[in-house]
Amino acid sequence: MSQKRIAVYPGSFDPITYGHLDIIERGLEVFDEIVIAVANNIEKKGLFTTDERIALIREAVGDNPRLRVGTFEGLLVDYVLAQGARVILRGLRAVSDFEYEFQIAQMNHNLRREVETLFMMTSVPYGYLSSSIVKEVASLNGPVESLVPPAVHQALIDKFPRH
Ligand code: ADP
């Protein structure tokens with residue numbers, strides 16, 4: 001019996017960038033389905049609301065039956081199992097990502113032995129790209145259209161009108 005290989009790709013996605021989309025595209029080469037899961041963290045207030053982030057992700061990925069977009073609160077490992085998945089997909093950029101990712105992956109594995117975390121290295125052009133840097137540049141009215149999909153670019157212009 002062949003089972004679908006489903007991975008959950010969790011994150012803040014505040015907002016989604018070409019770096020995230022690269023991981024999603026490459027993840028689809030390895031997994032049958034990916035659930036893009038927006039962390040609904042009430043304490044961590046972002047620039048975009050959870051609903052806005054989801055809408056921007058949907059717009060960016062289009063209609064693909066192999067991609068789902070969802071949101072989760074509480075333990076990620078429980079959400080992963082509820083989605084019928086066994087794998088958490090994460091991206092790694094610089095060494096600075098490693099410490100934090102290592103800690104979380106260890107903790108998640110302790111919580112649920114059957115859940116594995118898999119890391120994909122960033123593609124060279126996106127090694128420096130993060131949602132925070134995009135927000136910072138956009139807030140200063142700097143150009144970000146090469147870093148984010150068009151709908152996100154427009155949404156950033158709306159959040160930070162030119163001054
Ligand atoms: P979080 O707040 O959980 O780190 P992010 O939305 O910032 O959420 O990132 C989600 C995941 O995507 C993380 O694993 C992060 O390392 C990865 N990621 C973000 N930007 C890039 C990029 N440019 N290249 C590769 N991975 C990335």
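Me: Is Asn108 buried or exposed, and how is such a label read from its relative accessibility?

Reply: The general idea is a cut-off: a residue counts as buried when its relative accessible area is under 20%. In this predicted model, Asn108 has a relative accessibility of 9%, and therefore counts as buried. The residue belongs to helix α4. Once neighbours within four places in sequence are set aside, Asn108 is in contact with Leu76, Val77 and Ile88.

Me: What share of the residues of the protein counts as buried?

Reply: Of the 163 residues, 42% count as buried. The accessible surface of the protein comes to about 9,700 Å², and 54% of that surface belongs to carbon and sulfur atoms.

Me: How many helices and strands does the protein have, and in what order do they run?

Reply: There are 6 helices and 5 strands. Starting from the N terminus, the order is β-α-β-α-β-α-β-α-β-α-α.

Me: What share of the contacts joins residues at least 24 apart in sequence?

Reply: Among contacts between residues at least 6 apart in sequence, 74% join residues at least 24 apart. Not counting residues up to four places away in sequence, Arg86 touches Ile6, Val80, Leu81, Glu114, Val115 and Glu116.

Me: Where does Arg93 lie, and which residues is it in contact with?

Reply: Arg93 lies in the loop between β4 and α4. Its relative accessible area is 37%, so Arg93 is partly exposed. Beyond its neighbours within four places in sequence, Arg93 is in contact with Thr122, Tyr126, Gly127, Leu129 and Ser130. Arg93 and Met120 are 27 residues apart in sequence, and their C-alpha atoms are 8.9 Å apart in space.

Me: How far apart in space are Lys135 and Arg113?

Reply: Lys135 and Arg113 are 22 residues apart in sequence, and 36 Å separates them from C-alpha to C-alpha. Lys135 has its place in helix α5 (residues 131-139). Apart from neighbours within four places in sequence, Lys135 is in contact with Asp14, Pro15, Leu47 and Phe160.

Me: What is the form of the peptide bond from Asp14 to Pro15?

Reply: The omega angle is the value to read here. For the bond from Asp14 to Pro15, omega is near 0 degrees, and the bond is cis. Pro15 is found in the loop between β1 (6-11) and α1 (18-30).

Me: Which phi values do Phe13 and Asn141 have?

Reply: Phe13 has a positive phi of about 50 degrees although it is not a glycine. Phe13 is found in the loop between β1 and α1, and with a relative accessible area of 2% it is buried. Asn141, also a residue other than glycine, has a positive phi near 60 degrees. Asn141 is found in the loop between α5 and α6 (150-159), and is buried with a relative accessible area of 15%.

Me: How many aromatic pairs are there, and how is one described?

Reply: A pair of aromatic rings is described by the distance of the centres and the angle of the planes. In this protein the count comes to 3 aromatic pairs. One of them joins Tyr9 and Phe13, with 5.2 Å from centre to centre and 80 degrees between the planes, an edge-to-face arrangement. Tyr9 is buried, and so is Phe13. Another pair is that of Phe98 and Phe102: the centres are 5.4 Å apart and the planes lie at 20 degrees, so the pair is stacked.

Me: Why are Phe98 and Phe102 separated by about one helical turn?

Reply: The two residues are 4 residues apart in helix α4 (residues 95-111), and therefore about one helical turn separates them. Phe98 has 43% relative accessibility and counts as partly exposed. Phe102 is partly exposed, with a relative accessible area of 43%.

Terms used
Residues are numbered from 1 along each chain as its sequence is written. This is a predicted model: local features need pLDDT of at least 70, side-chain atom pairs count only at pLDDT 80 or more; totals for chains, interfaces and linings use all residues. Side-chain values use heavy atoms; hydrogens and water are left out. Buried means under 20% relative accessible area, exposed over 50%, partly exposed in between (1.4 Å probe, protein chains only). Contact means heavy atoms within 4.5 Å. Accessible areas come from the Shrake-Rupley method with a 1.4 Å probe; for residues, only the protein chains shown count as cover. Rings of Phe, Tyr and Trp (its six-membered ring) pair if their centres lie within 6.5 Å; planes under 30 degrees apart count as stacked, over 60 as edge-to-face and the rest as tilted.
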